[in-house]
Amino acid sequence: MPLFKRKPYVLRKPPKDLLADEDVFQVRFTKEIFRDYTEYLSCMKFYRRRVWTCKVSGKTNLTYEEALVSERKATEKVQQFPKEFMGPVLHMVQLSPLRIDELVDRVYKVFKERFVPGEEVTGVRDETPGACRILKVFDQDEDESPFYEVAWLDEEGKKKGSSQTVAENLRRKKQPFSRALLKAFIRESASSGPARNSAWVVHDKLCRKYKIPIQVSDRPKSTEKESKRSSSGKKLTASELQNGVQGPRKRKRTEAGGVKKKGDSKRQHVERVIPQPIRYPIEDTQVKPSASDPPLSERPVPATDFVVPAECTGDMLMVWDFCCLFGKALLLSPFSLEDFEKSLDYREGEAPLLLEMTHSLLRAALTDPVLRDEFQHKRKKKFEVTMANWKDDLCDFLELPSQTVTSSAISMIRQGCYKQVKVLEKVNILQTLVNNCLNSTTIRTQIDGNIGEYQQLVSQKRELEAEEVKRRKEEKELMKQQRLEQANGRGIKDPEQGESLENGGGEDGEYDDAEDLQYDGDDIHPTGWKVKGKRNSFGNHSPVNNGVSGKKEPVEPVSVSRSRKELLKKKVEKKLAEELEKERQRIEEQKKLQEKRKEQAEALAERKLQEQKVAERQKKHEQLEREMEKLFVLTTPIGKDRFHNRFWFFNREGRLFVESDDSSRWGYYAAKEELDALIGSLNVKGIREKALHKQLEKYQDKISNALQKRSKELAQKYAVEEASVRRSERVRTAPRLTGFLAYVNKWRTS
């Protein structure tokens with residue numbers, strides 16, 4: 001039960017007078033029932049506040065539902081606590097006033113040096129180690145270590161005798177529990193009051209089971225008061241419920257005083273009847289086919305033609321991936337998975353690849369101080385491991401008490417019959433060496449170095465992404481500003497309007513500064529009127545009245561030759577002006593064309609520069625991704641399908657592997673067409689298959705290139721091997737070693 005303000009929270013009981021056909025509102029994870037929708041919303045709002053604490057793990061700032069999930073997971077973890085330690089630990093916890101951290105440290109320190117009845121340990125009898133079980137503990141003074149009565153066990157676990165011994169002759173393979181597991185077990189099995197110095201009280205059921213004394217007087221009184229307060233009949237409001245106060249609810253009645261029955265509220269009826277639309281993705285097994293869904297392709301059947309047995313395929317892949325990831329630390333040059341499979345199944349001799357792997361893993365495992373001391377204590381004389389004596393070194397290591405390899409395989413290796421060892425036992429030996437390498441100094445050093453370099457690359461990648469976001473934001477702002485300027489009319493020039501302004505008003509204004517022409521004489525104007533006006537297209541003047549109607553003014557006589565010269569002069573000047581204007585327009589058009597071409601060239605150069613910068617950023621991003629992939633120290637599956645089958649892709653192998661949900665069956669896809677069909681068969685309405693579809697599309701190019709590369713390499717490899725065999729038959733010489741038999745460890749220093 002989650003804690004609220006360090007106190008157990010009591011849930012509301014269902015109403016006693018609840019009718020069978022009454023519409024109510026129920027909380028999904030507590031099963032509480034409400035008649036009023038407002039009270040239901042208030043309670044849900046209270047449960048969604050991050051004020052709850054997990055009772056088992058002690059995690060805070062959780063919602064009620066998150067606290068329930070945390071308690072369930074922690075309770076499942078507590079089930080791993082060894083049963084023989086439950087009683088002694090609870091005896092120390094009962095009525096202890098220490099805080100949880102101090103109590104955990106005290107219990108852990110005590111049982112780190114002491115053994116309990118029922119525990120199986122390794123003991124020394126007549127200078128010979130053997131398995132035994134603790135039967136009884138004889139306590140001594142504080143300065144003296146206790147005596148133990150033990151039962152000696154044979155290989156089948158049956159009792160073959162008993163004796164008494166001291167703690168110095170007994171030892172464990174590993175500590176029976178961790179501090180985190182002990183802390184969770186104490187929180188699950190006991191409780192303390194809300195006060196800081198409250199004593200721990202073990203649950204009554206466990207006290208009766210392990211015969212722990214119960215002292216009622218020492219129980220915290222605050223707990224009893226809280227339980228009485230919670231069971232009282234006080235009526236509370238919705239606001240008090242949000243503050244964490246719990247109590248029975250008042251029944252909602254109508255104005256007539258009757259109980260509110262079904263059909264009184266149309267709103268509640270409508271809300272319960274209208275089905276809610278399904279929001280995808282959902283659980284894959286609940287997805288139902290629909291007519292509107294696009295057709296899914298048929299999923300291809302993965303190939304299962306592995307060289308090794310099916311039960312050891314997963315362990316073989318784990319060993320191969322470990323050697324590839326930590327090859328530099330192991331001083332083991334890379335090799336293909338196919339060569340590794342053939343080496344395991346090779347029975348005509350000792351494959352050089354397995355010998356190099358065994359020697360490298362054994363040397364790395366002995367960098368662990370604990371294993372090195374144990375190995376040195378066994379051999380006493382010679383501690384160094386060499387390639388020449390790899391069989392004796394391996395057998396001595398596998399015979400250590402901390403290892404779990406069968407004795408039949410060890411005896412066959414000592415006799416020089418390593419090729420007769422079964423494939424399953426070979427994989428088991430390599431897996432044992434890999435497990436011991438995980439705590440070695442060599443591997444830990446590389447892991448720490450890879451983590452540091454990986455963090456640096458991640459920071460560089462974040463800087464690139466931040467620069468890219470900033471650049472896109474600036475481009476967006478610039479485009480927005482340009483659109484705003486175009487909308488307001490700024491930055492757009494009208495060439496016709498500019499020309500008209502430069503020319504001073506067009507054709508009508510060409511001769512505004514010239515004096516008006518006046519021509520006298522009867523030869524030109526027989527009417528005798530004084531002419532003043534604008535010049536028309538024929539070089540004449542339109543007569544203009546002087547403003548006095550019906551009255552003619554006399555015109556003074558002018559020379560005809562003079563007027564003709566002036567007319568010719570005006571025509572020449574006009575023609576010259578027109579030619580000059582055309583030349584000026586032509587020059588301006590050329591300038592505009594040159595400027596336009598220049599702008600286009602600059603825009604093209606700018607676009608090329610931007611594309612080059614984008615390509616450089618993309619190239620740098622891909623380079624960072626490749627460098628980060630090289631620093632991976634753990635390979636994780638790409639995703640799962642609806643049947644919980646896991647999909648694996650290794651960077652150094654051109655195949656996509658499929659693992660069943662129980663890890664009992666393995667298969668693989670080796671063609672690009674199979675990968676495309678697999679992607680097309682995934683239903684994105686399911687949670688797992690949508691995530692898998694996203695990951696496969698993300699790495700589709702990478703996986704496809706790896707599949708095609710592997711196909712080409714296999715074809716080339718088979719061609720080379722066939723050519724080598726033909727050449728040896730022609731010249732009658734032994735064929736050269738190829739494939740896994742020609743493996744040479746180029747990284748081994750000695």
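Helices and strands are DSSP runs numbered from the N terminus, a strand (E) having at least two residues. The model shown is predicted.

View 1. Strand β15 spans residues 656–659 and pairs with β14 in the antiparallel sense over 4 bridges. Within this pairing, Val 658 of β15 stands opposite Phe 647.

**View 2. The β13–β14 hairpin.** Strand β13 (residues 639–640) is antiparallel to β14, the two being paired over 2 bridges. Lys 640 is placed opposite Arg 646 of β14. The hairpin has 5 residues between its strands, and His 644 in the turn shows a positive phi of about 65 degrees.

**View 3. The two faces of β14.** In a regular strand, side chains alternate between the two faces of the sheet. In β14 (residues 646–649), Arg 646 and Trp 648 are buried on one side, and Phe 647 and Phe 649 are buried on the other.

**View 4. The Phe 4–Trp 52 ring pair.** The planes of Phe 4 and Trp 52 meet at 45 degrees with ring centres 5.3 Å apart, so the pair is tilted. Phe 4 belongs to β1 and Trp 52 to β5, so the contact ties together parts that are 48 residues apart in sequence. Phe 4 is buried at 9% relative accessibility, and Trp 52 is buried at 0%.

**View 5. The Phe 81–Phe 177 ring pair.** These two rings are stacked, 5.1 Å centre to centre with 25 degrees between the planes. Phe 81 lies in the loop between α2 and α3 and Phe 177 in the loop between β10 and α5, so the pair ties together parts that are 96 residues apart in sequence.

Note on methods. Residues numbered from 1 in each chain as written. Predicted model: local features only at pLDDT ≥ 70, side-chain atom pairs only at ≥ 80, totals over all residues. Heavy atoms only, no water. Buried < 20%, exposed > 50% of the residue type's maximum accessible area, 1.4 Å probe, protein only. Pairing = 2+ DSSP bridges. Phe/Tyr/Trp six-rings, centres within 6.5 Å; stacked < 30°, edge-to-face > 60°.
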